[in-house]
Every structure is written in structure tokens, then in C-alpha cells.
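Me: Could you take a close look at one part of this model for me, the parallel strands and what packs around them? I'd like the cut-offs spelled out as you go.

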Amino acid sequence: MADMRSFRDAVMAWAAGGSGDLAYELATLLPVEGAVLLEGPSDVAAVEALAEGYGRDLAAEAVCVLAMGGAMNVTRFIDRLGPNGLNLQLTGLCDERERGYYARAWARAGLPPHFFVCDADLEDELIRALGVERVAELIQQEGDLRPLQIFLSQPAQRGRSSQQQLRRFLGTKKGRKIHYGRVLVDALPHERVPAPLADLLDFV
């Protein structure tokens, strides 16, 4: 049965050098009208959680949210999904240090720069929005207090701010950033949603 996950898989295979025939077929069949281009799966988890918190189902709205495996791949995805490919409405979210990749890709396709930029990265935005104490509470609630304490005792963490330490901790174990992408967003009051995420959802 065709669904948005099938379309996402077809696009990933196409971007990796395969045929685009299945992506074209599914885009018409489902249909698909837009795509949100994100760097990694933790960003996907956060964006989907935010949409759900507002009572929205992006897949049902014909919008595909996908992780590109890094910002350097954005041109490849825009070539396939933008005006020279499926001609979907495109938007995205990136880290400040990756802004150049996104800006050049959108400009190359002749598109307005409809993407949104996190000051450092998405985890940094979420930690600042929630506050260090609240994030630490959530980590404890998720059963990760002991790993956090061990991490904070490492010499490399001395001299870093509490916010920097928490941001680093979220990336120390495979799957942790994905898990906390959803946990942190679910804990956010609507009025404290970081501007890049709020603007992205408003645009989609």
C-alpha cells in the first residue's frame, strides 16, 4: 500500500542515484504537494512532533518530511523535488553553519529562500526555549540521569556552560538525539516554540 513513507524511501533511493520513476508515480498517486528538507532524523522527529502538537498530520496534508543525511545533500534533493523535478513546494530547516549550502541550493533552483535557520542547531534552540533545569528534569524522567551524571563528570565537560553540556550529551549515543527531538518538543508550551520551528510550521 502506497503511503508517505513509501514516497520518502523512493526519493531517498532516487537521490542515491537510482531511478525516479517510482517517486514520480507515488507523487501523483498519493498525491504529494510539498516537502520539508531536514538534515537528519532528529530534526524529522522534532518537526513531526511539533505538527502533531498543533493537531496537524503533515503526511495527510500531502507534505513529505524527510532527512537528507546532511545539509551538503540539499542540492541533490532540490534537483529532484524542485522545479526541475517533481515541482513540489519546498521548505527546510538547517543549522547556522549549514546556511550556505541551503542558500546556494535554493538560489541555484531559482527559488525564494523559504528555509529557516537555527542559531546553532535545533537541540540548542530547544534547550534555550525550555531552560536547562527543565531539560535536566526531562532527562531524569526518561531514565537517563545516571548517564548524564557520568557524562558531566568527564574532564572534557569542565568549562562548558550547562547548555553546551546538555547539547553535547544529546549527541553522545546513537538514537538519543532522535528520541529527545520528540521529548523536548512535546514538553514545549506553544508560546515558547523557537522561531525557526514556528516559522517552518506556519509556512508548510
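Reply: Happy to! Let's start with a term: buried means under 20% relative accessible area, exposed over 50%, and partly exposed in between, using a 1.4 Å probe and protein chains only. Helices (H or I, at least four residues) and strands (E, at least two) are DSSP runs, numbered from the N terminus. This is a predicted model, in which local features need pLDDT of at least 70, side-chain atom pairs count only at pLDDT 80 or more, and totals for chains, interfaces and linings use all residues. Residues are numbered from 1 along each chain as its sequence is written, and side-chain values use heavy atoms, with hydrogens and water left out.

Now to strand 1 (residues 34-38). Five of its five residues are buried, so strand 1 is largely enclosed by the rest of the structure. Gly34, Val36 and Leu38 point one way, while Ala35 and Leu37 point the other way.

Next, the pairing, where two strands pair if DSSP finds at least two bridges between them. Strand 1 runs parallel to strand 2 (residues 63-67), with five bridges joining them, and Ala35 stands opposite Cys64.

Cys94 sits opposite Val117 of strand 4. Together with helix 5 (residues 99-108), strands 3 and 4 make a right-handed β-α-β unit. Strand 4 (residues 115-118) is covered on both faces: Phe115 and Val117 on one side and Phe116 and Cys118 on the other are all buried.

Asp95 deserves a look too, as a residue of strand 3. Asp95 is buried, with a relative accessible area of 8%. Counting contact as heavy atoms within 4.5 Å, and leaving out residues up to four places away in sequence, Asp95 touches Glu39, Val117, Cys118, Ala120, Asp121 and Leu122.

What about the cysteines? The structure holds zero disulfides, a disulfide being a pair of cysteine sulfur atoms within 2.5 Å. The sulfur of Cys64 is 18 Å from the closest cysteine sulfur, in Cys94, so that pair is too far apart for a bond. For Cys118 the closest cysteine sulfur is also in Cys94, at 7.4 Å, again too far for a bond. Cys64 is buried at a relative accessible area of 0%, and Cys118 is buried at 1%.

Finally, the packing. A nonpolar core is a set of buried Ala, Val, Leu, Ile, Met, Phe, Trp, Tyr and Cys residues joined through side-chain atoms within 4.5 Å. The largest one has 37 residues, of which Leu93, Leu184 and Leu197 touch the most other members. Helix 3 (residues 41-53) gives this core its largest share, six residues. A second, separate core of 30 residues includes Met4, Val32, Leu66 and Phe115. As for Leu197, its contacts beyond four places in sequence are Val47, Leu50, Leu93, Leu122, Leu126 and Val185.

Methods:
A crossover is right-handed if, with the strands pointing away from the viewer, the path from the first strand over the helix to the second runs clockwise.
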